[in-house]
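Subject: Structure for your reading, with notes

Dear colleague,

Please find the structure below, followed by an account of what was found in it. I would ask you to keep it open while you read.

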Protein chains: 2
Amino acid sequence: MNPAIEAVGGSTIRALHARRTPTSINLGLGEPTLLPNMAHFERATAWVAENGCRYSTNIGHDDLREAIARHYDYPGLNDPGNVCIMTGSQEAVYIAMKTLLDPARDEALLVEPAFPVYAKVAQIEGIALKRVAMGPETGYAIDPDAILAAIGPSTRMIIICSPCNPTGRVISKAATKRIADALSARPGPPIYVMHDEIYRELMYVEDAGEFGKVYPYTLAINSLSKSNALTGLRLGWLFAPLDVMPQIVKMHGWATSCASTFGQRVAYEIFAGNDLATQAAWYRPQREGALAAVREAGLEAIEPDGAFYVCLRVGGEDTLEFAESLIDERDVVAVPAHIFGASLKGWLRTSFVGPLDDIRVGYRRIAEHAKSRNLSVSRK
Amino acid sequence: MNPAIEAVGGSTIRALHARRTPTSINLGLGEPTLLPNMAHFERATAWVAENGCRYSTNIGHDDLREAIARHYDYPGLNDPGNVCIMTGSQEAVYIAMKTLLDPARDEALLVEPAFPVYAKVAQIEGIALKRVAMGPETGYAIDPDAILAAIGPSTRMIIICSPCNPTGRVISKAATKRIADALSARPGPPIYVMHDEIYRELMYVEDAGEFGKVYPYTLAINSLSKSNALTGLRLGWLFAPLDVMPQIVKMHGWATSCASTFGQRVAYEIFAGNDLATQAAWYRPQREGALAAVREAGLEAIEPDGAFYVCLRVGGEDTLEFAESLIDERDVVAVPAHIFGASLKGWLRTSFVGPLDDIRVGYRRIAEHAKSRNLSVSRK
């Protein structure tokens, strides 16, 4: 047995979900409840009937990579050769970190709060990880100066998820530029910025920075999971500089060979039909409804700039125990937010992908649960 | 950059294919040319229209794992908990080797000739690999005594592909039992047998051993790629003992999250409709036709017991150069078989998945190419 794998934890979120009952109000979901647009599946099926469902090249189908490169048009990353199609953004994260970092000497800098996968991959691969926490004093805003100050001599990758899961914070254009300019001005080998853009299409502010637009050493990661309600399609992609792409594609090839040909065809139809942002309109009233429910329940929340989560402050020392007893005693599933970073101790992550009535009832029960434990949760 | 990934080679087979022309006779393919049964795609699409395309559990859908466990009915491995659904057999190989072997002390024993992926994964993960070569003296038969004699104190996994890619050799029931009995009688921690069964449905002999039937420490790997002409679906599975499954599922989860929900639904339809062996009938006359073409061309071949390859002896010292010049000078793509193991130096792997006319012309050109280089290729 590989001791690095034995030592790493599993998914707390998935373990919590295993605790829920058939009647549970589920605010723990990290995926859309919308149905996907079936026209893309039907066209992809027709394509397979004619062409078969054969291996693609390791890097992925040319037409899809062209469509993706053109759609984002990131300067210096806008060639189809800059795009590798992956088995979801999860494989993209895994392959990028495993390939580009030397466990013997490189360090990754993780901007927290952050989805647990980055730290788990670092642990499995023996990559040193330094955490830089965005905190309550700035409303969890992504602070470029704190990030730049945390860079050390071994830092070779900075990992930023924006819009952020779970805070919903979006890095500003100015902050993005500030980081890009500082990194570009540094002597020595480049520091990659892995920008996980998985919630890019679900954005409620205008001022959103994209590293791909301003920094050529960007590793931009995305997928169809959140934008198109296709978490189960396992179709994502990784933008990377041309000089490192052969190594990335090689590792991807030995790990999974290539992404699904059917999934790639669905993705091609989505890009060809410009159907990436269609479902986004549904999330705006959901967000408004969730924030109204926050006020009704008298809770303190981080108002999200993007993604589909609202973090709620419930206080207390043991947020995992709070979340577990919330399921057991009040039949509400929410995710303890400290698993995304210590600066969220005392917070819960809730998602607003379900019915607003459920969200209202769920938030009320969360407030009651906190009050029953004498925890102060109301707005300051 | 990770030096272990920089050091490992890419796919020679894929590199050779990049050399081909639009008119090339392609005997290099490792995938069926048949079309898949589209009824499964249509049913899976209807299912998604109703249920969405959401994440599955990391281990995979219950109904599919139940169907797979029941179908194979391997004693001690016949619980749905013994089955993890993977992104093709490639991910199954990667995750099984990475999870179950400790690079600091364990050794894998590879039965050669063998598809390159096992050795590449060992190299990337820093796992010591010992090779035990099946050779021409026994017609490349899988020899249990040679395998057992190669076991050392650090051996923790034996890797066997049967039917074998590229030789088409199938391990006999007696040889399988001989290995299983010897391993079961050993004191100390178990030695896993990773039995890659990817060509299991394409078999031309009756006497075929299955480790899952006789040895509880079997890691049985399969997928829909070869049996159902679905290489591009990326849907495979791994059987493993219950006690190690949590670690396997965890590593799979952090690498790729879960297999495609759509792919899992296609697989469920295939198992529910008992459609795994339907295409196998097509391969038998293809094999006969290819062997007739071997005789016509006056070549020496390994007559396959399974899979869809015929290895041809072309002689000479540099089989890669032979294969490259065969493409450039005679427009025929075939794979130098020494990349599967040194005991196949001087052999080419050809596949019989294409039109028989192409196979006949291709074999004639291979014989001519060898003769033009004064290489002796005829049957002894």
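Which residues of H14(B) are buried? They are B:Ile359, B:Gly362, B:Tyr363, B:Ile366, B:Ala367, B:His369 and B:Ala370. They cover an arc of only 160° around the axis, which puts them on the same side of H14(B). A residue counts as buried if 20 or more other C-beta atoms lie within 10 Å of its own, as exposed if 12 or fewer do, and as partly exposed in between, with C-beta atoms placed from the backbone. The arc is that of the directions from the helix axis to the C-beta atoms.

Before going further, please note that this is a predicted model, in which local features need pLDDT of at least 70, side-chain atom pairs count only at pLDDT 80 or more, and totals for chains, interfaces and linings use all residues. Residues are numbered from 1 along each chain as its sequence is written, while chains are lettered from A and ligands numbered from 1 in the order in which they are written. Helices (H or I, at least four residues) and strands (E, at least two) are DSSP runs, numbered from the N terminus.

Helix H14 of chain B

H14(B) comprises residues 356-372, which makes 17 residues. From its first C-alpha to its last it reaches 24 Å, close to the 24 Å expected at 1.5 Å a residue; the expected span is 1.5 Å times one less than the number of residues. The face turned away from the buried side carries the exposed residues B:Asp357 and B:Ser372. The buried residues pack against several elements of chain B, among them helix H12 (280-297), helix H13 (319-330) and strand S13 (347-351). Contact here means that the C-beta atoms of two residues, placed from the backbone, lie within 7 Å. After the helix comes B:Asn374, whose phi is positive, near 60°.

H12(A), residues 280-297, has 18 residues and spans 26 Å from first C-alpha to last, close to the 26 Å expected at 1.5 Å a residue. Its buried residues are A:Tyr283, A:Arg287, A:Ala290, A:Ala293, A:Val294 and A:Ala297. These cover an arc of only 125° around the axis, which puts them on the same side of H12(A). On the other side, A:Ala281, A:Arg284, A:Pro285, A:Arg295 and A:Glu296 are exposed. The cover over the buried residues of H12(A) includes S9, strand S10 (309-313) and helix H14 (356-372) of chain A. A:Gly298 follows H12(A) and has a positive phi, near 70°.

In H4(A), residues 62-72, the buried residues are A:Leu64, A:Arg65, A:Ala67, A:Ile68 and A:Tyr72. Seen down the axis, they fall within an arc of 160°, so they line one face of the helix. A:Asp62 and A:Arg70 are exposed on the face turned away from that buried side.

Strands of chain A

How many residues of strand S6 of chain A are buried? S6(A), residues 192-196, has five of its five residues buried. A:Tyr192, A:Met194 and A:Asp196 point one way, and A:Val193 and A:His195 point the other way. S6(A) runs parallel to S5(A), residues 155-161, and five bridges join the two; strands pair if DSSP finds at least two bridges between them. A:Val193 is the bridge partner of A:Ile158. S6(A) also pairs in the parallel sense with S7(A), residues 218-223, over four bridges, and A:Asp196 stands opposite A:Ile221 there.

Elsewhere, four strands of chain A form an open sheet in the order S9-S10-S13-S12, with antiparallel pairing. S9 (300-302) and S12 (335-336) stand at the edges, each with a single partner strand, so one side of each is left without a neighbour in the sheet. Two bridges join S12(A) and S13(A), where A:Pro336 stands opposite A:Leu348.

The two chains

Chain B can be laid on chain A with an RMSD of 0.0 Å by a turn of 180° and a shift of 0.0 Å along the axis. That is the relation of a two-fold axis. The same surface serves both copies, as 100% of the contact residues of chain B recur in chain A. For this comparison, copies are superposed by least squares on the C-alpha atoms of residues with pLDDT of at least 70 in both.

Yours sincerely,
A colleague
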